[in-house]
Amino acid sequence: MAKGRYGIHGGQYIPESLMDEVLKLEEAYEFYKKDEDFNRELNALLAEYAGRPSLLYYAEKMTKDLGGAKIYFKREDLNHTGSHKINNVLGQALLAKKMGKTRIIAETGAGQHGVATATAAALLGLECEIFMGEEDTIRQALNVYRMELLGAKVNAVKTGTRTLKDAVNECMREWTMRMDDTLYVLGSVMGPHPFPMIVRDFQSVISREARAQILEKEGKLPDVVMACVGGGSNAMGMFYEFIKDESVKLIGCEAAGLGADTDKTAATVTTGSIGVFHGMKSYFCQDEYGQIAPVYSISAGLDYPGVGPEHANLHDIGRAQYVPVTDDEAVEAFEYIARTEGIIAAIESSHAVAHLMKIAPKMEKDQIIICCLSGRGDKDVAAIARYRGVDLHE
Amino acid sequence: MSKISEAFSNKKAFVGFLTAGDPSLEKTEEFILKMQEAGASVIEIGVPFSDPIAETPVVQEANVRALSAEGGCTTDMIFDMLARVKDKVSVPVVLMTYLNPVFKYGYEAFMKKCDETGVAGIIIPDMPYDERDEILPMADKYGVDIISLVAPASKSRIRMIAGEAKGYIYVLPSLDAADGRKDVVTDISDIVAQIRKVTDTPVVLEIGVDYPEAEYETIADGFVVENAIVNLIAKHGNDAAQPIYDYVKKTVESL
């Protein structure tokens, strides 16, 4: 069995055409992750450009209003480009440069990973092409223009369901066609090994900081650490350094769309089954014959039929719990955190906030929750207005 | 020698490819027999998949047509069709499928069905050599050859892959060559020479792409067309049998 396994999950299920390049990437990453210059440059970019460390913010008003556990938000929304995606992208773009690549390509759902990739490409002088489902280019038109402003070419993907999974398909095809000068900067902890490991390593800065910050502020570990999960990169980053702390409960919040019991859902762990797709063995929404199911969520960033293999394993071994959160609940949380804390959080992150609102009141006042606010919600304002039937004249 | 390898003895083999269920399974049944009648040595049948990441746009569209056809096109329906034609088809049949439909069906159940319906080999484009151990014992148990794929980018992996190959070895053009882009240089003759050093397993090249044809006619044991027959089906739909027959006959005669 090949490398990159998390329990039975993970692996390298990719066309032979890509194997050599993926093995090269693995080799390069193993070298540079221990390389002093690489780490110095990356840490400088994270501190001076992305704005790290991100704040661990005590949400006092929400804590009082919900009347239970003490609530902290890890403010990845305050990073440059407005989400956690920049952590991974700076790492991978720098790696691309070190490998002698001159061009990076990436898929994007909500557009956050695309914007982050286009940003890193502009900064590091790399050519950049983004693949985005046509449906998502409509839902997130502003982000398309944002990427173009940053000098990237955005390709609207018109195959399949025209959303995130199809953008990944197209990106893999594009990479197969042009490997010599190009690195595929995968946006989540998914795909073939070594991507789930690389993305997790670059995102684990979230939990490394959060763990030190909470110990400094509270002198103890949190009781619950939670995040939203699509492919699962912010969640993996938020969980990673806490996995060894067995007293810390880890909760991933999946997008249930209209409900996990409907066919308009993207709650992969809750409703999916084990399969092999996009280079990995993991849980997928699929039919009895293994056809990948069209998924639905109000959130373009969580609208994906799979989940990263390390999450699949954390679920299998019972180390993390994965819960479904509906569109309605997420929109309510989006509005609640805006009103209560003055934070417009991404609709993706609002899925985690929604579940937090369910569990915090049932917890003791001396207990602590850290919830990852993976991104800011400016991009979602128009969609939320539409959801509420408000007619905006933009 | 496996049933597939026999199809290559003493001649240049023509491998015909189509997608099952495009435009319907009844038509697939008819087209398979037409290809055989026209002289195809091996018939490759694509199992349609929702996300065929390694396919050309032409074949991607065939997958969409098959899956959205009235009544659909499931793995069981394909096996039922194969069972119906089994006694009429004497050339080896090879299934091309992504790994997930096989995994979901169950490796053993799938291979057992292959055996029962006369499927001699299986091509799984998203299962590289490195991951095949989980399926290989079942394939061996039911006598189904796993067809190895070699790509221009395989480089040092070529000998490792070819060394254990069964049935035939499918040498892929790069995806852009398959799309008809002309700016691609791939040293196919060098790849074939490396394969020959480690195995006698027949080598199949894709035609309809921009290789120097005169050269590869001499180096390959057989030829596969990925797009040509699928294109005929796209164009003629239910009436594609005769055009397929004419095309295969002409191609086989030219070999």
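How many helices and strands does chain A have? Chain A has 16 helices and 14 strands. Please keep in mind while browsing these views that the model is predicted.

**View 1. Chain A as a whole.** Let us start with the overall dimensions of chain A. Its C-alpha trace spans about 55 × 45 × 45 Å along the principal axes. For 394 residues, a compact globule would have a radius of gyration near 21 Å, and the 19 Å of chain A agrees with that. Of those 394 residues, 62% are buried. Looking at contacts in chain A between residues at least 6 apart in sequence, 74% join residues at least 24 apart.

**View 2. Helix α5 of chain A and its surroundings.** This helix takes in residues 112–124 of chain A. Ten of the 13 residues are buried, so α5(A) is largely enclosed by the rest of the structure. Among the buried ones you can find Gln112(A), His113(A), Gly114(A) and Val115(A), as well as Ala120(A) and Ala121(A). Their cover includes the helices α4 (85–98) and α7 (141–149) and the strands β5 (103–108) and β6 (127–133), which belong to chain A too. Just past the helix comes Gly125(A), with a positive phi of about 70 degrees.

**View 3. The open sheet of chain B.** Nine strands pair in parallel here, in the order β5-β4-β3-β2-β1-β9-β8-β7-β6. At the edges stand β5 (145–146) and β6 (148–150) of chain B; each has a single partner strand, so one side of each is left without a neighbour in the sheet.

**View 4. Strand β9 of chain B between its two partners.** On one side, β9 (residues 222–225) runs parallel to β1 (residues 13–19) of chain B, joined by four bridges. Here Ala13(B) stands opposite Gly222(B), and Phe14(B) faces Phe223(B). With β8 (residues 203–207) of chain B, β9(B) also pairs in the parallel sense, over four bridges. In that pairing, Leu205(B) is the residue opposite Phe223(B). Which residues of β9(B) point one way, and which the other way? Gly222(B) and Val224(B) point one way, Phe223(B) and Val225(B) the other, and all are buried. Lying across β1 and β9 of chain B is helix α12 (residues 228–236), which runs at about 40 degrees to β1(B).

**View 5. Helix α2 of chain B.** Residues 25–37 of chain B form this helix. Its 13 residues should span 18 Å at 1.5 Å a residue, which agrees with the 18 Å between its end C-alpha atoms. The buried residues of α2(B) include Leu25(B), Phe31(B), Ile32(B) and Met35(B), along with Lys27(B) and Lys34(B). What do the buried residues of α2(B) pack against? They meet the strands β1 and β2 (42–46) and the helices α4 (75–85) and α13 (241–254) of chain B. After α2(B) comes Gly39(B), whose positive phi is near 110 degrees.

**View 6. Where chain B meets chain A.** Here 33 residues of chain B are in contact with 29 residues of chain A. On the chain B side, α3 (57–68), α5 (99–105), β6 and α9 (175–178) each supply at least two residues. The most comes from α5(B), with six residues. By class, the side of chain B that touches chain A has 17 nonpolar, seven polar and nine charged residues.

Note on methods:
Residues are numbered from 1 along each chain as its sequence is written. Chains are lettered from A and ligands numbered from 1 in the order in which they are written. This is a predicted model: local features need pLDDT of at least 70, side-chain atom pairs count only at pLDDT 80 or more; totals for chains, interfaces and linings use all residues. Two strands pair if DSSP finds at least two bridges between them. Two residues are in contact if their C-beta atoms, placed from the backbone, lie within 7 Å. Axes are lines fitted to C-alpha atoms, for helices over the stretch in contact, and angles run from 0 to 180 degrees between N-to-C directions. Ala, Val, Leu, Ile, Met, Phe, Trp, Tyr, Cys and Pro count as nonpolar, Asp, Glu, Lys and Arg as charged, and the others, Gly among them, as polar. The expected span of a helix is 1.5 Å times one less than its number of residues. A residue is buried if 20 or more other C-beta atoms lie within 10 Å of its own, exposed if 12 or fewer, and partly exposed in between; C-beta atoms are placed from the backbone. The radius of gyration is taken over C-alpha atoms; the globule rule is 2.2 Å times the number of residues to the power 0.38.
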